[in-house]
Amino acid sequence: MKTIKTISEMQDCRKTLAEPVGFVPTMGYLHGGHISLVRKAREENVSVVVSIFVNPKQFGPNEDFEKYPRDLQGDLEILEEEGVDAVFAPEAAEIYPQDFNSRVEVLGITQKLEGNCRPGHFRGVTTVVNKLFNIVRPQRAYFGQKDAQQVIVIQKMVKDLNMNLEVITCPTIREEDGLAMSSRNIYMNPEERQSAIVLYRSLMLAQDMYQRGERDTGAIRKEMVRLIKTEELARIDYVSVADPATLDELDMITGKALVSLAVKFGKTRLIDNVVLG
């Protein structure tokens, strides 16, 4: 496995990789969710590239960029075991040199949900993912369903800009108690971690209501909020039942619906979702 720090080295390495190339972009501090993406990429491609880059441009001024968990050596050991061909782990100055002055922005769907709570976040995501796609030139790129809006935004960018690759969404990987795996879970103290299970319980409540015939999204949101508020440590950013393509809020579910939420436990902000229908 090659560990690569510069764009020029990554471009040279890419010329030697057998195709098709599967690509898994990450911010490191790998967990089971990341590994599931790597394994799917390994299964479907001849070569696999993983990037590890904590992207400063997708963090807001009061967010957790500086303290975001990092363990490059541990990540490299995991990826070596998984049979990854190359790991691209650049420094910020390599991706954003001093004269860097461009950005890629998808409008519309980025103004809702996460975009409304975290202005500029998706502009940072689409800019760096665009750069990574151009550097690695994969045939397939793999993302987790946990970050549902991010996947929708990237799929839209790829379609709009006629990028010659396939964006593949893989299922959310969960802890035994249902909490979605996330690098940020490490921030929580034991009491907050226990409270956070309510996210999965609320999503399962929505799924159960839907399976029992409920189609009124107001009723579903109301019951989800009621359940989440039984946990004193939980502070809700949003609970959404939206069209999975446009992210417009639905009044009634007539086809598929993306049920998503963002909730804070102490200083830790967690997101999760489930698709109905």
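Reply: What follows is a set of questions and answers about this model, which is predicted.

Me: Why is Ala 180 called buried?

Reply: A residue counts as buried when its relative accessible area is under 20%, and Ala 180 has a relative accessibility of 4%, so the word applies. Ala 180 sits in the loop between strand E6 (166-170) and helix H8 (190-195).

Me: Which residues does Ala 180 touch, leaving aside those up to four places away in sequence?

Reply: Contact requires heavy atoms within 4.5 Å, and on that basis Ala 180 touches Lys 146, Thr 172, Ile 173, Arg 174, Asn 185 and Asp 272.

Me: What makes E1 and E6 edge strands of their sheet?

Reply: The sheet is open and has six strands in the order E1-E4-E3-E2-E5-E6, with parallel pairing. Strand E1 (2-4) and E6 each have a single partner strand, so one side of each is left without a neighbour in the sheet, and they therefore stand at the edges. From one strand to the next, the twist averages 25°.

Me: How do you know that E3 and E4 are paired?

Reply: Two strands pair if there are at least two bridges between them, and strand E3 (residues 47-52) is joined to strand E4 (residues 86-88) by three bridges, with the two running parallel. One of the residues to look for is Val 50, whose bridge partner in E4 is Val 87.

Me: Which helices pack on this sheet, and which strands do they touch?

Reply: Helix H2 (residues 32-44) lies across strand E2 (21-26), E3, strand E5 (140-144) and E6, and runs at about 155° to E5. Helix H6 (residues 121-136) touches E2, E3, E4 and E5, and its direction makes about 150° with that of E2.

Me: What makes E7 and E9 the edges of the other sheet?

Reply: This open sheet has three strands in the order E7-E8-E9, and the pairing is antiparallel. Strand E7 (234-242) and strand E9 (268-276) each pair on one side only, and they are the edge strands. Neighbouring strands here are turned by 10° against each other on average, with direction ignored.

Me: How many bridges join E7 to E8?

Reply: Eight bridges join E7 to strand E8 (residues 257-265), and the two run antiparallel, while the cut-off for pairing is at least two. Ala 234 stands opposite Phe 265 in E8. Helix H10 (residues 217-228) packs on this sheet and touches E7 and E8, its direction making about 160° with that of E7.

Me: How do you know that the length of H9 agrees with what a helix should span?

Reply: Helix H9 (residues 197-211) has 15 residues, which at 1.5 Å a residue should span 21 Å, and because its end C-alpha atoms are 21 Å apart, the two values agree. Among the buried residues of H9 are Leu 199, Leu 203 and Met 209, and the buried residues of this helix pack against H8, H10, E8 and E9. After H9 comes Gly 213, whose phi is positive, near 110°.

Me: Why is Cys 117 called partly exposed, and why is Cys 170 called buried?

Reply: The cut-offs are under 20% for buried and over 50% for exposed, with partly exposed in between. Cys 117 has a relative accessible area of 31%, so it is partly exposed, whereas Cys 170, at 6%, is buried.

Me: How many disulfides does the structure hold?

Reply: A disulfide is a covalent bond between the sulfur atoms of two cysteines. The structure holds zero disulfides.

Definitions and conventions: Residues numbered from 1 in each chain as written. Predicted model: local features only at pLDDT ≥ 70, side-chain atom pairs only at ≥ 80, totals over all residues. Heavy atoms only, no water. Helix = DSSP H or I, 4+ residues; strand = E, 2+ residues; numbered from the N terminus. Buried < 20%, exposed > 50% of the residue type's maximum accessible area, 1.4 Å probe, protein only. Axes fitted to C-alpha atoms, helices over the stretch in contact; angles between N-to-C directions. Expected span 1.5 Å × (residues − 1). Disulfide = S-S within 2.5 Å.
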